[in-house]
Amino acid sequence: MTSSIEELIAGWDGEGVVSHYDAEHGAWMFIGVHSTRLGPACGGTRMRVYDTPADGLSDAMRLAAGMTFKCAVAGLPTGGGKAVLAVPELPVGADRQDLLHRYGDLVEMLRGTYRTGPDMNTNGPDMDVIGERTAYAFGRSSGNGGRGSSGPDTAVGVWHGIRAAVAHAAGSAELTDRTVLVQGVGGVGGELVELLVKDGARVAVSDLDGERVADLQQRFGVMAVPAGAVVDTDCDVYAPCATGAVLCAETIPQLRCRIVAGAANNQLATPADAARLRAAGILYAPDFVINAGGALHLIGLELLGWSDATLADRLAGIGTTLTEIFTHADAQGTTTEEAAEAVALVRLDGGPAGSRPAG
Ligand code: PHE
């Protein structure tokens with residue numbers, strides 16, 4: 001059931017929403033600033049077709065809150081935000097450039113309170129265009145002062161996370177002969193497949209885009225799984241790397257994996273789904289912890305001036321953080337989601353900005 005825009009705004013715990021209707025393109029722009037408690041609200045710009053503008057706003061709000069937790073757990077001195085461009089169809093060419101320019105003006109209006117970057121259906125070249133109107137766009141090409149796509153480093157973080165989850169569930173991080181099913185092989189999932197294959201895993205992939213699947217089959221000999229069969233395919237690790245809300249009351253009882261660990265944002269349809277996974281004996285790597293690699297890349301390199309070595313360390317730290325969260329959840333008898341939220345809240349409620357969260 002869709003809530004109205006008024007209901008969504010009234011029910012949100014974030015700091016504010018900026019909205020703009022772009023009459024020329026029939027597009028709604030929403031920027032959700034969830035929290036600036038630890039620093040400027042950072043999060044990507046998602047471009048998508050939604051059934052209603054309210055669905056787009058709701059997505060921006062949920063994703064913005066996820067960014068607050070993501071940055072907090074990753075120890076970044078930044079807050080959480082997210083933008084949605086709810087378009088009637090994905091624009092290309094001059095239309096796209098036009099829309100992105102006006103969106104850049106909206107971002108600039110916030111004077112750095114919100115800083116954007118790539119997300120679903122937006123990429124580095126889009127950030128170059130937005131960057132013609134505002135300084136607050138991460139992920140521009142190096143010629144334009146940025147450090148490029150965050151997809152590959154998001155995948156590196158997820159790979160560390162998968163190893164940590166396998167180690168926790170099976171006693172060794174070794175991926176040889178473990179089966180990993182990667183759902184969605186775009187900018188992040190495709191890179192993840194490559195890392196997993198190199199690490200000796202048996203990899204299966206699924207994507208609505210048959211060309212992407214065929215390409216990976218040809219390059220790495222991976223198995224292909226039809227979209228409709230993902231949920232009940234036997235595997236050690238299920239790695240959702242496409243849209244969110246894939247873990248819900250209907251899908252969880254069908255899962256035949258030991259671990260869910262993937263890059264998609266907002267994988268749980270509702271908070272109760274974390275408990276459903278736990279009851280099913282499935283180890284869940286909270287999405288906002290395992291997929292922080294993109295944020296570490298963009299914010300670390302572009303805002304904090306990290307070296308490549310520091311970034312590599314921090315990406316590996318995603319595995320360490322997850323191990324702590326898994327151990328904590330076991331000890332306390334909570335879900336891993338609750339354990340991860342507790343880490344975020346310690347930092348948000350009391351931790352000094354700029355320090356890593358304790359435990
Ligand atoms: N959209 C990505 C994410 O959800 C990357 C990103 C991080 C973009 C931080 C902007 C700022 O993590």
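## Lining of the second largest pocket

By class, the lining of the second largest pocket in this predicted model comprises 10 nonpolar, seven polar and eight charged residues. Here Ala, Val, Leu, Ile, Met, Phe, Trp, Tyr, Cys and Pro count as nonpolar, Asp, Glu, Lys and Arg as charged, and the others, including Gly, as polar. The lining has 25 residues, and Arg62, Asn266, Phe288, Glu337 and Glu341 lie nearest the pocket centre. Two or more lining residues come from each of helix H2 (53-73), helix H9 (287-290) and helix H12 (336-349). H2 gives the largest share, seven residues. Helices (H or I, at least four residues) and strands (E, at least two) are DSSP runs numbered from the N terminus.

At least three lining residues come from each of domain 1 (5-67 + 79-144) and domain 2 (151-292 + 322-347), with bounds from an automatic or database domain assignment.

## Pocket volume

The second largest pocket holds about 490 Å³ of space. On a 1 Å grid over the protein atoms alone, a pocket is an open set of points where a 1.4 Å probe fits, with protein on both sides within 12 Å along at least five of seven lines; lining residues have an atom within 4 Å of a point. Points are joined across faces, edges and corners, and the volume is the space filled by probe spheres set on them.

## Parallel sheet

An open sheet of six strands has the order E9-E8-E7-E10-E11-E12, with parallel pairing. Strand E9 (223-224) and strand E12 (283-284) are at the edges with a single partner strand each, so one side of each lacks a neighbour in the sheet.

Strand E8 (residues 202-206) and E9 run parallel and are joined by two bridges; pairing requires at least two DSSP bridges. Val205 has Ala224 in E9 as its bridge partner.

## Basis of the values

Residues are numbered from 1 along each chain as its sequence is written, and side-chain values use heavy atoms, without hydrogens and water. In this predicted model, local features need pLDDT of at least 70 and side-chain atom pairs count only at pLDDT 80 or more, whereas totals for chains, interfaces and linings use all residues.
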